[in-house]
Every structure is written in structure tokens, then in C-alpha cells.
Amino acid sequence: MLELRAITAGYDRRAPAVRDASLTVAPGEAVGLLGPSGCGKSTLAKVAALLHRPDAGTLLVDGTRVRHWRHRAPRALRTAFGVVFQQPRLAADPRLRLADLIAEPLRATGRREDVRDRVPELAGTVGLTTDLLTRRPHEVSDGQLQRACLARALVLRPRWLICDEMTAMLDASTTAALVAVVEDYRASTGAGLLAVGHDRTLLNRWCDRTVHWDAVTSGAAEKTGGGEPAGHVTR
Amino acid sequence: MADTTVEKRRTTAAEPAWRAHGTARRSTHTLRLRVSAALVGVTVLAVLLVPPLVQLDQQAVDLAAKLRPPTWAHPFGTDDVGRDLLLRCVYGLRVSLLVGVVAALTATVIGTAVGATAGALGGWADRAVMRLVDTLSSVPHLLLGVFIVAMFRPGVWPVVISVALTHWLSTARIVRAEVLSLRSRPFIDAAVSGGASRWRMTVRHLLPAVLPQAGLAAVLMVPHAMWHESALSFLGLGLPTHTASLGTLIQGARGSLLAGQWWPTLFPGIFLIVPTLAVAGLAGVWRERINPRRRSELML
């Protein structure tokens with residue numbers, strides 16, 4: 001269970017990007033978070049993935065309150081979240097070849113011996129051919145790079161996936177392929193998903209439940225339960 | 001159909017002007033690059049090859065031939081004890097270049113380490129380190145350098161230490177600013193989420209990204225460090241007077257300049273100016289290639 005309770009977060013305490021937001025993702029559940037651009041949903045996703053310390057509020061992971069964020073968070077807890085970002089160009093270190101990009105979390109957590117098996121396996125899963133693995137980010141397309149970023153997010157077998165506008169930069173067929181990869185992974189591991197986006201058609205089809213940002217910040221997200229949020233059109 | 005032809009014509013018409021502009025800029029770059037590279041090459045070859053190949057003693061005193069103007073036997077003339085000035089200049093350049101390169105590299109290593117640490121740690125550690133940098137920057141660095149050399153016996157290493165310890169500040173600032181801007185990028189978030197420690201984040205992702213900037217700062221600092229060596233030696237605080245360096249040569253020739261003997265000052269002066277301009281020219285081309293917008297920020 002991933003529970004965000006009354007989270008206030010941002011980059012300036014006087015004008016927080018997120019004010020009083022609450023959201024729950026049950027184990028194995030896929031939750032879609034819809035909202036207009038600039039509303040703070042990416043910031044909330046970063047809080048959920050332990051990448052941004054909130055100014056107020058509580059984050060509970062499996063009932064345990066999270067007290068530390070970023071480097072201070074225990075490594076096992078940090079790596080329980082696989083994060084995919086909106087822009088693969090910014091989310092990939094420009095100096096690493098795609099194979100090293102995917103292998104980086106394994107090397108960072110001292111599992112070098114897994115690199116040889118896991119990297120080709122994951123490349124196959126996300127649909128990257130072997131010749132692409134020796135290229136650097138500027139030598140591949142956005143879609144190919146996002147596939148590599150998804151592979152990197154899955155390489156440590158996270159219990160939660162946080163997809164922040166994962167498909168916003170991609171065409172329809174790549175979107176469908178990446179969503180299928182995420183769903184296969186969830187079906188085999190029972191991982192939870194928080195998908196942030198503004199494409200309500202996609203999120204409604206992809207997720208068990210979609211929540212609109214207004215419901216998150218008014219506290220209604222916990223009451224509405226399933227189904228489509230009423231009355232709001234994403235701007 | 002008509003529209004597309006008009007569009008096409010427009011782009012082809014616009015292209016030559018744009019190209020011509022680009023080529024003009026590039027050709028001045030190329031000229032500067034070639035001249036600078038040739039001068040640096042000649043300098044390096046001279047200081048590396050002349051001492052072992054030419055079996056002449058730069059310390060050889062010939063009191064019968066003191067303060068001779070340039071002749072075929074002594075192309076740069078002789079100094080006040082009859083030593084050949086061409087040979088003295090080459091040996092002096094060797095010492096000055098060594099001091100410049102070692103001091104610049106040391107300063108860059110210190111600056112990069114301090115800047116990267118401050119940027120990667122952030123928070124109070126960053127503030128404390130940068131206030132220290134501000135404090136040191138507020139003292140004129142030649143004065144600080146004089147203070148440092150004064151603590152040791154004259155020699156090459158005190159000068160290197162003095163120049164290195166007063167010149168890492170600007171590199172530290174550049175590296176810290178780069179690290180801070182990189183730290184907020186999503187690829188660093190991805191590394192944190194992938195379990196990277198602070199150390200791994202810094203060494204694997206941040207330092208490789210700032211290395212070109214730091215390398216450029218190091219090259220730009222070589223001529224600056226050479227000038228500092230000369231300034232300290234000229235003030236009589238740097239190298240001992242019997243060690244030929246461009247600074248000690250110019251210092252020793254001060255008296256004869258007033259007597260109308262121009263060659264003991266002019267030639268070491270040229271030897272100081274030409275290589276420093278050449279190195280600065282090379283660094284300038286490099287700087288504009290890697291970062292055309294930051295000319296003013298990297299002025300050292």
C-alpha cells in the first residue's frame with residue numbers, strides 16, 4: 001500500500017506546487033492521475049518515488065512512514081520504486097551507452113554479476129535490438145530512448161512503478177508497446193502503478209482507476225474509489 | 001505546388017548568406033587555431049629538445065663578452081656576466097612553462113574537488129565552502145601568493161604551491177555552478193531512484209559532465225600561472241636569481257635597460273608574451289567550440 005496523506009510540496013515554501021494532496025495506491029493496483037499541466041502532479045509523483053521531500057504531510061509505504069528522501073532514504077526503499085520520466089533526453093545520462101544506462105542501477109547497487117543476463121533480457125522485453133545497446137542517447141530516437149529508460153526502471157524489479165507522463169512524447173504504436181510492457185510486468189510481479197498524465201482516454205483504458213487532480217487536493221480521491229472522476233475535463 | 005516552389009527558392013536563397021557568415025567565422029577560428037597551435041608546438045619542442053640536443057652550458061660565464069648586443073655568435077646577445085641569452089631564454093621558458101603547467105593542473109584539481117563537493121553536498125556544507133571561497137577571493141591573490149612564497153625558501157615548488165593555492169577559486173566556482181545545474185536534471189533523479197550513492201552520483205554522472213569545463217579552465221590558467229611566476233620572480237620572491245626563469249631574467253636585466261642595453265629585457269619579454277598568447281589563443285578556440293555563450297563567465 002502506497003499512501004500519500006495531505007502532502008504539501010514544492011520548490012518555494014511560500015508558493016507550494018502541491019497543496020494538501022492525498023492519494024492511495026493499493027498493492028497491484030494501477031492508478032491514473034489526471035490533471036492540467038502545471039498543477040503539480042509531477043511533483044506529487046516525485047514525492048511518491050522518494051525523490052522530493054515534501055514540506056508537510058505523510059507518505060506511508062506498506063504502513064511505514066517515510067522519514068527520509070533522496071540519498072538519505074534507505075537504498076532498499078528507494079529502489080522499490082521504478083521511475084519513468086516524461087522526457088527521455090533529460091532522464092538519460094548523455095555519456096552512457098544504452099546498455100550501461102539499463103545496467104546502471106544494477107552496478108550502483110552492487111549486482112554486477114546480473115548485468116550480463118538482465119540487460120539483454122530487458123532489452124528484448126522493451127523491444128530494443130542488440131545493435132541499439134551500444135549507441136549513446138543522442139544516436140537513438142526519443143521512442144527508443146524511452147524504451148531504454150523503461151528497461152532501467154524495471155531492472156531492479158521494483159514493487160511500485162511511477163510513470164510520469166511516460167508516453168507524452170511518443171507515437172501511438174510506441175505508446176501501446178510501452179503500456180503493454182508495463183502491464184506484462186505488473187501481471188507477472190503484482191507491482192503497483194501510479195501513472196501520471198493528461199491523456200484521459202489512455203489512462204482510463206490503462207488503469208484500474210483514474211483520479212482527477214481536483215479530487216486529489218480536495219480529499220475526494222479516497223472516497224470516489226473506482227471509475228471515472230465526475231465532472232472534470234482535463235484542460 | 002506553386003507554394004512549395006516558392007518555399008524552396010526562399011530557402012536556397014537564404015542559405016548562401018548564412019553559410020558565408022558561418023564560413024567566415026570558422027576561417028578566422030582556423031587561422032587562430034593554426035597559428036596558436038604552431039607557436040605552442042614550437043615552444044614545447046624548443047623546451048624539450050634544445051637542452052638535451054645542444055650541449056652548451058647555460059650557466060657558462062664569459063666575462064670577456066659581457067653585455068654584447070645580438071651577433072651571429074649570440075643571436076640574443078649576452079647578459080651582464082657574458083652568458084648566452086638565447087640559451088638562458090630557452091631554459092627560462094622551460095622553468096616558467098613547468099611552473100605554469102604544474103600550478104594550473106594543481107589549481108584545477110583542487111578547484112574541481114572543492115566545487116564538486118560543495119555542489120554535490122549542497123545545504124550548509126555548500127554555503128560554508130562558498131563563503132570560504134568568497135573570503136579568499138576578497139584578498140588580492142598576488143598579495144596572498146607573496147605571503148605564501150614568503151613562508152618557504154626560494155625555489156620552484158614554493159612558487160607552484162603559491163600559484164596553485166591562490167588560483168583554484170574560480171575553477172571551484174565554475175564547477176560548483178555546473179554541478180548545481182546538473183543536480184536538478186531528471187537523469188540525476190533517475191540515478192538516485194536506481195540506488196546510486198552520493199559518491200557514485202558525483203563520480204559517475206556529475207564529474208564527467210563538468211570535465212570539459214574544468215579542462216578548459218586548466219588550459220586558460222597556464223598562461224596566467226606563467227605570468228604569476230614571472231611577477232613573483234621579478235619581485236625577487238619567486239625563484240632564486242641564479243635559476244633562469246623568464247621572471248628572473250627580466251628582473252636581472254632591469255639595471256642594464258637604463259644603460260641603453262635593450263636585449264636582456266626584450267627577448268625574455270617576447271619569450272613570455274608569445275607562448276602565453278598562443279596558449280590563450282588555443283584555449284579561446286576551444287572555449288568557443290564547447291560553449292559559445294559563456295565567453296564572459298570563463299574569463300580568468
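Student: In β8(A), what is the bridge partner of G32(A)?

Tutor: A195(A) is the partner of G32(A) in β8(A). This is a predicted model, where local features need pLDDT of at least 70, side-chain atom pairs count only at pLDDT 80 or more, and totals for chains, interfaces and linings use all residues. Residues are numbered from 1 along each chain as its sequence is written, while chains are lettered from A and ligands numbered from 1 in the order in which they are written.

Student: Which strands join β8(A) by five bridges?

Tutor: Strands (E, at least two residues) and helices (H or I, at least four) are DSSP runs, numbered from the N terminus, and two strands pair if DSSP finds at least two bridges between them. Strand β3 (residues 30–34) of chain A runs parallel to β8(A) with five bridges. Strand β7 (residues 160–164) of chain A also has five bridges to β8(A), again parallel. There, D164(A) lies opposite V196(A).

Student: Why is strand β8 of chain A largely enclosed?

Tutor: A residue is buried if 20 or more other C-beta atoms, placed from the backbone, lie within 10 Å of its own. Six of the six residues of β8 (residues 192–197) of chain A are buried, so the rest of the structure largely encloses this strand.

Student: How do I read its two faces?

Tutor: In a regular strand, side chains alternate between the two faces of the sheet. Here G192(A), L194(A) and V196(A) point one way from β8(A), and L193(A), A195(A) and G197(A) point the other way.

Conventions: Buried ≥ 20, exposed ≤ 12 C-beta atoms within 10 Å, placed from the backbone.
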